[in-house]
Every structure is written in structure tokens, then in C-alpha cells.
Amino acid sequence: MGLLKQDLVLWLLGVLFLSNLLLCRADVHYYDFFVREKNFTSLCNTTKSMLVVNGSYPGPEIRVHRQDTVYVNVHNQGNYGLTIHWHGVKQPRNPWSDGPEFVTQCPIQPGTNFTYEVILSDEIGTLWWHAHSDWTRGSVHGAFVILPAENETYPFPTPDADQTIILQSWYNRDYKELIDEATSNGMAVAPADAYAINGHLGDTYACANETLFRMQVDYQKTYLLRIINAAMNEQKFFAIANHSLTVVAQDASYVQIFTNDYIMISPGQTMDVLVCANQNMGQYYMATRPFSDSAAPPRNNITRGVLQYTNSVGGLNASLVTLPAMTDLDAAANFTRRIKNSNVTQNPPMKVPMDIDRRVYVAIATNTLPCDNCPIQPTRLAASLNNVSFDFPQIDVLQAYYNRSISGVFTEDFPLQPPVFYNFTGDDLTGLNRNADLGTKAVVLNYGEAVEIVLQTTQLGAGGSHPMHLHGFSFYWVGTGSGNFNNVTDPSSYNLVDPPLINTVHVHARGWVAVRFFATNPGVWFMHCHFERHSSWGMDTVFIVKNGTAVATSILPPPASGMPRCPGT
């Protein structure tokens with residue numbers, strides 16, 4: 001419906017854009033991921049076993065071109081089941097290879113393997129892949145680099161080289177043990193013990209044997225930094241001493257170019273940033289620290305690496321990196337509000353829904369649930385969307401939806417607005433029921449509908465912001481505001497001209513954001529907070545997009561080789 005209401009010219013431009021890409025040669029790539037435990041020693045000689053891919057932390061980089069197809073054979077040689085998600089890849093009509101455990105597949109069991117078919121479309125720039133089972137993504141992750149297609153150029157001068165920068169959380173204990181213990185106690189996992197850049201903890205933890213990540217650069221060369229926030233629960237500031245950062249893309253879509261002294265990037269997000277090696281030859285710190293607007297903040301640690309000019313001698317040229325304070329709300333807001341969509345030919349034509357067929361107003365909260373078996377207290381921590389705490393089934397939702405003979409796995413009654421309206425962003429929550437309802441509830445959309453999701457933060461629990469990620473789509477971030485969303489007055493403030501096209505949106509504390517998209521990707525698609533603690537507590541839901549009227553607008557059939565078997569089947 002909504003698609004038919006839009007300007008036909010935009011639709012034709014989109015067809016031409018994809019047709020032009022199809023004229024370029026698309027290649028097929030094959031990767032093998034061997035997932036197994038390996039010992040790592042860090043943070044003052046603490047040794048622990050971590051589940052990693054091909055023996056490395058972070059894992060191997062996938063590097064392909066736009067419109068390519070990638071087959072990744074995942075061999076699980078670990079001790080428990082897991083899945084892999086290709087974060088930000090839309091996977092047109094192919095939810096079978098999207099990856100979230102018990103949503104689109106059951107886990108790949110130890111001693112077995114499964115091959116993912118990763119279908120690229122209009123994504124360009126930097127994405128990433130990660131495990132989507134329990135907290136396993138803390139060590140099972142890597143970059144997914146999508147270069148321009150053949151005969152396609154960058155919308156800025158071609159950089160001399162590129163460098164992936166992955167921002168990570170470091171725990172001294174096993175990730176699976178951490179979440180299993182917290183779940184059994186009904187409590188939260190403790191904050192990360194440290195932070196890392198590309199697996200290096202740096203020189204700020206008073207540990208003699210820690211290593212610094214070093215990026216070597218040549219004077220007067222320009223480098224494209226592919227920055228990924230793979231941290232578990234921390235939004236991040238990042239900066240390089242004496243060097244400006246020029247932002248050119250976010251979430252595999254080009255943005256209007258702007259320059260800043262720092263970036264703020266949420267878990268799940270990716271940013272492409274240019275840095276010019278134009279300072280006095282030497283060594284300069286790069287640094288990252290958390291940003292937090294929550295009453296339950298992370299550790300306020302700074303982790304550093306080094307930008308090192310070729311043939312530089314001596315010590316570091318700048319002893320300090322100027323980073324905003326961890327609680328600098330203005331610094332975070334001032335950065336994010338500068339991100340706008342770029343009307344360059346390398347981006348798909350902007351198709352922002354102007355008229356809405358479906359609005360889903362979602363209140364985000366942390367809650368409690370009764371817990372008879374918890375040893376410390378009679379409740380456990382939970383999280384919810386519209387007071388529904390997602391209950392992961394034992395048969396994946398996609399299988400149950402596609403195979404209609406399987407019943408009782410999910411229901412199609414996710415509430416389209418909060419069940420109770422109150423002052424979501426106020427501090428006086430006296431008398432409000434803090435318990436959530438358990439459920440596996442989905443939002444069902446008709447193919448082609450113009451959808452608006454309004455994400456509203458609340459002060460239930462610790463409050464704070466949330467990085468919300470939707471699988472299967474990039475959406476237009478059209479609006480943001482403070483306080484409680486007003487569906488009469490607030491839409492007049494929307495940016496419908498050049499809103500960013502992203503897959504993970506920062507929903508700031510005591511406020512709301514609005515995103516829009518057309519439901520033109522049939523399948524089962526997960527939406528969740530990318531703070532791992534919140535997702536594991538139930539801050540998740542599922543969007544089901546029905547098939548259209550043709551084969552080309554319907555879900556692809558499942559792989560002929562079959563899907564991983566569900567437990568007990």
C-alpha cells in the first residue's frame with residue numbers, strides 16, 4: 001500500500017540504481033570459519049579460554065565487492081551451539097541465513113557445520129559479522145568489508161589505504177559462563193574488566209606485558225578507518241591525538257561528509273572515517289572510552305593505541321588524547337545530529353516513506369520477573385519492549401512461520417503501543433508495576449507497507465540510552481526528541497529530506513527516535529537492543545513481513561542441505 005503512494009519517479013530511480021549495479025560483475029566468495037576454544041593471556045597475565053574463529057581475536061575479515069554473494073561454512077568445533085549473524089546485510093528474501101538463534105535458525109551444534117549464503121544488495125562500506133547466541137559475540141566477531149563494485153568509485157578522493165578498527169569489551173572470564181551464572185542468579189553480569197582495540201588492551205591498565213595496537217602511516221597519505229563498535233554494553237567515544245576525523249559513511253551507507261575531533265559510536269554501529277597523516281612525523285595516541293547516560297554505567301576506562309608515522313623516532317608526540325567525559329551528553333548529541341544522508345549516486349535513491357500505513361510505538365524498559373529458583377532474591381532482572389519480555393522458543397520462529405504445521409512457537413499479537421501510558425521519561429514512577437510479561441510475540445506486516453517505528457526510552461530500571469538494531473533492513477532515522485513522543489506535534493519536526501539510512505539507531509535517554517522503512521523484504525526479522533545484557537533479558541521482538549504477490553517478492557525456500565536441527569528434534 002505505502003509503496004504505491006510514493007512518487008513513481010523514486011521507484012524507477014531505485015530500479016535503475018540496482019540495474020546499473022547488476023551490470024557490474026558480481027563474484028561469489030567462499031570462506032571457512034572454524035570455531036574453537038583457544039587460550040589468550042591479557043590484563044596482567046590473566047589467561048582464559050575464548051571461543052574464536054580460525055584462532056584469532058578478532059576473527060577473520062571478509063572482504064568483497066558490492067552485490068557479491070558470500071558462502072561461509074561454519075564448522076563448530078567448540079563446546080556448545082552457536083549461530084553467526086551478518087550485521088547490516090539485508091539478506092533480501094533470505095532470512096534463512098540471517099543468523100539470530102531461535103529466531104531464524106537453531107544453533108549449529110558442536111561437531112556439526114552449516115553454510116550461510118550471504119546475499120549483498122546495495123550495502124557499501126563497512127559492516128561486521130558476529131555470533132548471535134548468548135554472549136558468544138564477545139569473542140566471535142570480525143569485519144565485513146564491502147568495496148565498491150567494478151567500475152564504481154568512492155564519492156570522495158580514493159584513500160591510499162584502509163584500516164579496520166574494532167572496539168571491544170574484555171572480560172577475564174568466559175562469556176558463556178558469565179551469562180549462564182547471571183541468568184541462574186537473576187542478576188546482571190558485572191561490567192567489562194577492560195576494553196580493547198583490535199584485541200590489544202593498550203597501556204592504561206598498569207600491566208607490564210600489555211600490547212598496543214599500532215597503525216603505521218606514511219606522511220601526507222589519507223587512510224580510511226573502518227570503525228566497528230563490537231563492545232558488549234558500551235557506547236564509545238574515539239579520537240586520535242592532533243588528527244581530525246572526517247566521517248564519510250555509517251552502517252554501510254554514505255553520509256554527508258563532516259569533520260570532527262571525535263566520534264561517538266554505539267554497539268552494532270559501523271563508521272567509515274578518513275584521517276590524513278598531515279602532522280609532524282611521530283607517534284600519536286588513538287583512544288576510546290565509554291559514553292553513558294545510564295544510572296548503571298560501565299567502567300570509565302580509557303584504552304589506547306598508536307598512530308605511528310613511518311620512520312618516526314622517539315616517544316609519543318602527544319601524551320593526551322582529548323576525549324569527551326564519559327557522561328558528556330552534549331558531546332554525544334552534537335555528534336549524532338550531524339549525520340545526514342548523502343545524495344550521491346553511489347547511494348540508493350532516497351525513498352523515505354511520506355505517508356504511513358503502520359506505526360509501532362515502542363516503550364523500552366528494564367523490568368523484573370518473578371523467579372522462584374533465584375538464590376538471592378525472588379525476582380530476576382528482565383527487559384521489555386511494550387512490557388513484553390521476549391521469551392526465546394526452542395524451535396526457531398522462522399521455521400514455525402514457514403512450516404505452518406508447527407504451532408505454539410509464537411503469537412502475532414505484539415502490542416503496537418505501550419499497554420500503559422505514563423510519564424515515560426519522568427523520575428516519579430510510584431505505583432507503577434515494574435514486572436514485564438513473558439511472551440514470544442511478533443509484529444506482522446503486509447508486503448510493501450510504509451512502516452514507522454517510534455522508540456521511546458523510559459526511566460524504568462536504570463534508564464539510559466539504547467542502540468536498537470533491526471535485522472533485514474536499513475531504515476531512515478527521521479526524527480528524534482526529548483521527553484515523551486507526541487504523535488500529533490512531533491512528526492512536524494521530522495527530517496524527511498536527508499535522514500540517515502542506518503541499521504542501528506542510538507535512542508538517547510529521556511527521549512525518543514522515529515525510523516521509517518518500506519516492508520519490502522519478506523521474512524522473519526529480529527529487532528533488539530544491541531546492549532547484550534538487555535537483549536539477553538528480553539529487550540527484543542520479531543517483525544514478520546508477509547510475502548508479496550509474486551515469486552520475486554516472496555521468501556526464498558530453505559537451503560536444500562537443510563537447517564541446523566533444533567534441540568530435541
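Is Cys 566 buried or exposed? Keep that one in mind, everyone, while I walk you through the cysteines of this predicted model.

First, some context from the record. An unreviewed UniProt entry lists "domain: Plastocyanin-like" for residues 35-149, 163-311 and 414-547. In the model, residues 35-149 are 46% strand and 0% helix, while 163-311 come out at 47% strand and 7% helix.

Now the disulfides. Searching the whole structure turns up three. Let me start with Cys 44 and Cys 207, whose sulfurs sit 1.8 Å apart. That pair bridges distant parts of the chain, 163 residues apart: Cys 44 is in the loop between strands S1 and S2, and Cys 207 in the loop between S10 and S11. The S-S torsion is about -75 degrees, so this disulfide is left-handed. Cys 44 is partly exposed at 43% relative accessible area, whereas Cys 207 is buried at 12%.

Next, Cys 106 and Cys 566, with an S to S distance of 2.0 Å. Cys 106 lies in the loop between S5 and S6 and Cys 566 in the segment after S33, so the bond ties together parts 460 residues apart in sequence. And here is the reply to my opening: Cys 566 is buried, because its relative accessible area is 5%, under the 20% cut-off.

Finally, Cys 371 bonds to Cys 374 at 1.9 Å. Both are buried, and a torsion of about 85 degrees makes the disulfide right-handed.

Counting bonded cysteines along the chain, the pattern reads 1-3, 2-6, 4-5.

Note on methods:
Residues are numbered from 1 along each chain as its sequence is written. This is a predicted model: local features need pLDDT of at least 70, side-chain atom pairs count only at pLDDT 80 or more; totals for chains, interfaces and linings use all residues. Side-chain values use heavy atoms; hydrogens and water are left out. UniProt positions are given in the numbering used here, feature names are shortened, and annotations may be inferred rather than shown by experiment. Helices (H or I, at least four residues) and strands (E, at least two) are DSSP runs, numbered from the N terminus. A disulfide is a pair of cysteine sulfur atoms within 2.5 Å. Buried means under 20% relative accessible area, exposed over 50%, partly exposed in between (1.4 Å probe, protein chains only).
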